[in-house]
Amino acid sequence: MTLLLDLRITRGLLLLSSLFALTNFRPVEAQPDDAVAHYRAGYTQLQGKDFRNAAIELESAVGLDSTYGDAHYALGMARASLGEYDKSALSLEAALRHGVSKTDLADRIPGLLGDLFYKAALRSRQQRRFGEAIQHAEASLRYKPGNAQAFYTIGLCHISLRQPDKAAVAFVAASAADPNYAWPYKSLGDIHRQRGELRQAAAMYRKAIAVDGKLVQAYSGLAQVQIASEDLEGAVTTLRTAVSLDATYGEGFVLIGTALIQLRRHGEAIAPLLKAVEIDAKDAQTRYRLAEAYLGIGNYQATVEAGNAAVTRQKDFYAAQVILADAHAELGQLAEARSWYGRAIADSRFKDYCAHKLEELDAAQTRAQGQQ
């Protein structure tokens, strides 16, 4: 579920809750007359769903009497309906401190606060205010201690702040709060994989998959662990499951092709790589891998076409330049081969290889001239 949809659903729930709660709600007459008048006006506008003007009237009421718990409650409901989740939470906390006239409303406030602070956390995270999001999520947990999603949100914010150790603590707490929540296991897998702890990473990804067999991201993480562990056959199997679940998972098709190339099964690699090109025609890496697969089966003209597509999409793509040079050399197009080797030699990874191939081209040219 997207954040926007989540927010809309919550707004609807809060609105229903507020209108239900206010059906038989009456102001406490002990408040100052002016405060009660603003409250009554705000209450009427709240019932009429004029939330902005309701908030203005109710702000006036609590401005005149900061202890007016019923007005704070109604103001919190108006602000929630406007999507002002952090402000709404502050109003409801004030209502909780000062008290409201009906017991059922008081009982409802802590649950609403847990939801509101969580929604405020989601919005702050969306706006990349990660420290603020953590504070809101922690506030949510004070009112809803078992909210696994709040723990998970804290973990994601720590990841964004490059604090993986703190993130891991939050993800463990999320999985403890709800063992059937797959995402914390997947995220713990990511942390272990980035630390090079491949065995632990695989265990977490497998836990995520056991909980949610359709979580493509967990399959992706497991496949990358398998590739790093040189279990290429296992990676291909895992990735084929992932792309069967999500036919638009372009990276999965690229990884399948890459693993098959490493297994020297170049012909099998072509179909998944072509599918990846279909999904994202602009990706240079996919074109490079496709060129590599074509070179492996000896289709040098197709290698040139895919290699050219790669280098036009990524500046100084030296690995693709080497593939192009090799293909042109096999086609007997020595000038083109020499040109590409001359460019790729600038990369230290390919310097010795390109220098050797240029020497071979020079020797071949000398032999050809001697035979004339």
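Colleague: Is the crossing of helix 10 and helix 11 left-handed or right-handed?

Modeller: A crossing is left-handed if the near helix is turned anticlockwise from the far one by less than a right angle, and right-handed if clockwise. Helices here are DSSP runs (H or I, at least four residues), numbered from the N terminus. By that rule, the crossing of helix 10 and helix 11 is left-handed.

Colleague: What should I know about the model and its numbering?

Modeller: Residues are numbered from 1 along each chain as its sequence is written, and side-chain values use heavy atoms, without hydrogens or water. The model is predicted: local features need pLDDT of at least 70, totals for chains, interfaces and linings use all residues, and side-chain atom pairs count only at pLDDT 80 or more.

Colleague: How are helix 10 and helix 11 oriented to each other?

Modeller: The axes of helix 10 (residues 182-194) and helix 11 (residues 198-211) come within 8 Å and cross at roughly 165°. Axes are lines fitted to C-alpha atoms, for helices over the stretch in contact, with angles from 0 to 180 degrees between N-to-C directions. Angles under 35 degrees count as roughly parallel, over 145 as roughly antiparallel, 65 to 115 as roughly perpendicular and the rest as oblique. The two helices are therefore roughly antiparallel.

Colleague: How do the residues in the contact of helix 10 with helix 11 divide by class?

Modeller: Contact means heavy atoms within 4.5 Å, and the residues involved include Tyr185 and Leu188 of helix 10 and Met204 and Tyr205 of helix 11. Ala, Val, Leu, Ile, Met, Phe, Trp, Tyr, Cys and Pro count as nonpolar, Asp, Glu, Lys and Arg as charged, and the others, Gly among them, as polar. The division is 8 nonpolar, 3 polar and 4 charged.

Colleague: Why do helix 17 and helix 18 count as roughly antiparallel?

Modeller: Their crossing is left-handed. Helix 17 (residues 300-313) and helix 18 (residues 318-330) have axes that come within 9 Å. Helix 17 and helix 18 are roughly antiparallel because of the angle at which their axes cross, roughly 155°.

Colleague: What separates the C-alpha atoms of alanine 78 and phenylalanine 51?

Modeller: Alanine 78 lies in helix 4 (residues 69-81) and is buried at 0% relative accessibility. Among the residues it touches, not counting those up to four places away in sequence, are Leu46, Phe51 and Leu58. Alanine 78 and phenylalanine 51 are 27 residues apart along the chain, and their C-alpha atoms are separated by 5.2 Å.

Colleague: What is the phi of lysine 49?

Modeller: Most residues other than glycine have a negative phi. Lysine 49 sits in the loop between helix 2 (33-47) and helix 3 (51-64) and is exposed at 51% relative accessibility. Although lysine 49 is not a glycine, its phi is positive, about 65°.

Colleague: Where is arginine 264, which has a positive phi of about 65°?

Modeller: Arginine 264 is exposed, with a relative accessible area of 68%. Its place is in the loop between helix 14 (250-262) and helix 15 (266-279).

Colleague: How many disulfides are found in the whole structure?

Modeller: Cysteine 157 is buried at 0% relative accessibility, and cysteine 354 is buried with a relative accessible area of 0%. A disulfide is a pair of cysteine sulfur atoms within 2.5 Å. The number found in the whole structure is 0.

Terms used:
Buried < 20%, exposed > 50% of the residue type's maximum accessible area, 1.4 Å probe, protein only.
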